[in-house]
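Subject: Structure handover

Dear colleague,

Here is the structure for you to look at. My notes on it follow below.

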Amino acid sequence: MSQSDAPARDRVKQALRTQRIETPSWAYANSGTRFKVFAQEGVPRNPYEKIADAAVVHRLTGVAPTVALHIPWDRVDDYTDLARYAADQRVGLGAINANVFQDNDYKLGSVTNPDPGVRRKAIDHLLECVDIMDRTGSRDLKLWFSDGTNYPGQDDIRTRQDRLAAALREVYDRLGESQRMLLEYKLFEPAFYTTDVPDWGTAYAHCLELGPKAQVVIDTGHHAPGTNIEFIVAFLLRVGKLGAFDFNSRFYADDDLMVGSADPFQLFRIMCEIVRGDALRPEAGIAFMLDQCHNIEPKIPAIIRSVLNVQEATAKALLVDAEALAAAQQAGDVLGANAVLMDAYNSDVRPLLAELRADLGLDPDPMAAYARSGYFEKIRAERVGGQQAGWGA
Ligand code: LRH
Ligand code: MN
């Protein structure tokens, strides 16, 4: 479908207008690897400054209206005040991420720990996060467990699943009517033998057991090399259990690089399944979130670039000629079908996106607009002293 045909352009632009990408508070803060965290100038010192930076990304892109929080990294005395501040900044508070992976007590696990006292402590933190959702107005409780073992025999794999299921059940039953639980899986790290929620199948099975308010999160950096992620997307969409994405990209492991930077074709294929499943519009209930760490690159431009990468992959996916594709697939025309997809992927959608931004009253080039805005110079000058935010590990 050529971009020149106006009806197609309008249809694509109309769909892109509904796109919503949630940015993560922790991506605005210092981050690194076990080797080094390189502090950067102008980094936020508290959740208010993280929200101010996220608001700049939304002002320049028009499609990043919410910020995900991580507790305790974003703990404040008054979450209602934080939500009010976010509203003043024209953004909303998104998913609440629990953190049961940074306390000494969780060495042998959090909700799966052999010690019932430690399990209680972990569950209480998850319940505290639901209390916070009540005050921030957040819909989603996002749960990632670093729980696992490093050596065969270290603990009983099956018993740990029983402990996990019991904890998830208690938290699930605490959720309010419009609240959801998003369960994230990850193949390994920090555990290197078993991980208690290692793959989509395990997450899906627990979510099925829990009920309709439990959905799976696909973090694009959490799979074994060679995993066909768009298959998982198509499968979970079909059964109504895809709740969210943690978008990033990787060359090797959980590298948390800018989404679309390592494998833009994979991101396109993922967005093709989203479009095919009519799941781009907010009503479909999928939370499109970024989960990235900008260890060496300037953070706000990296997040703007990431939002643009998702927009570009989505625009290309929306350009797929679905009728021609279906006809070729039906006819067993292997090369023909592949060519339909590649035509869309090889389309330069940047002019269309620039036009969309102009339609939205935005600068067609958000990266250049940010560089010209003087915002970095402003925060570099203002944010002197105090403790820069980070992972607090
Ligand atoms: C774990 C993870 C999870 C977050 C953390 C910041 O690797 O992807 O989503 O809690 O990163
Ligand atoms: Mn993640």
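**Loops and cis peptides**

Pro-190 sits in the loop that runs between strand 6 (180-184) and strand 7 (194-195); helices (H or I, at least four residues) and strands (E, at least two) are DSSP runs, numbered from the N terminus. The peptide bond from Glu-189 to Pro-190 is cis, with omega near 10°. Glu-189 belongs to the loop between strand 6 and strand 7 and, although not a glycine, has a positive phi of about 70°. Its relative accessibility is 36%, so Glu-189 counts as partly exposed (buried means under 20% relative accessible area, exposed over 50%, partly exposed in between, with a 1.4 Å probe and protein chains only).

A cis peptide bond also joins Ile-71 and Pro-72, with omega about 20°. Pro-72 is in the loop between strand 2 and helix 3.

Asp-278, not a glycine either, has a positive phi of about 50°. Asp-278 is located in the loop between helix 8 (264-276) and strand 10 (287-290), and is partly exposed because its relative accessibility is 45%.

Before the rest, the conventions. This is a predicted model, in which local features need pLDDT of at least 70 and side-chain atom pairs count only at pLDDT 80 or more, while totals for chains, interfaces and linings use all residues. Residues are numbered from 1 along each chain as its sequence is written, chains are lettered from A and ligands numbered from 1 in the order in which they are written, and side-chain values use heavy atoms, with hydrogens and water left out.

**Ligand 1**

Which residues come nearest to ligand 1? Of the 13 residues around ligand 1, they are His-70, Glu-184, Asp-219, Asp-246 and Asp-291 (near means that a heavy atom of the residue lies within 4 Å). By class, this shell has four nonpolar, two polar and seven charged residues (Ala, Val, Leu, Ile, Met, Phe, Trp, Tyr, Cys and Pro count as nonpolar, Asp, Glu, Lys and Arg as charged, and the others, Gly among them, as polar).

**Helix 3**

Tyr-79, Leu-82 and Ala-86 are buried in helix 3 (residues 79-88). They lie on the same side of helix 3, because they cover an arc of only 50° around the axis (taken from the directions from the helix axis to the C-beta atoms). Their cover includes helix 2 (47-61), strand 2 (66-70), strand 3 (92-97) and helix 4 (116-136). At the start of helix 3, a side-chain oxygen of Asp-78 comes within 2.9 Å of the backbone nitrogen of Thr-80. Arg-90, which follows helix 3, has a positive phi near 65°.

**Two further loop residues**

Ser-25 lies in the loop between strand 1 (21-24) and helix 2. Its relative accessibility is 0%, so Ser-25 counts as buried. Leaving out residues up to four places away in sequence, Ser-25 touches Lys-50, Val-67, Ala-68, Leu-69, His-70 and Asp-74 (contact means heavy atoms within 4.5 Å).

Gln-154 is in the loop between strand 5 (148-149) and helix 5 (157-174) and is partly exposed, with a relative accessible area of 33%.

Regards

Methods. A polar contact is a pair of N or O atoms within 3.5 Å; within protein, one must be able to donate a hydrogen and the other to accept it, and residues adjacent in sequence count only if both atoms are side-chain atoms.
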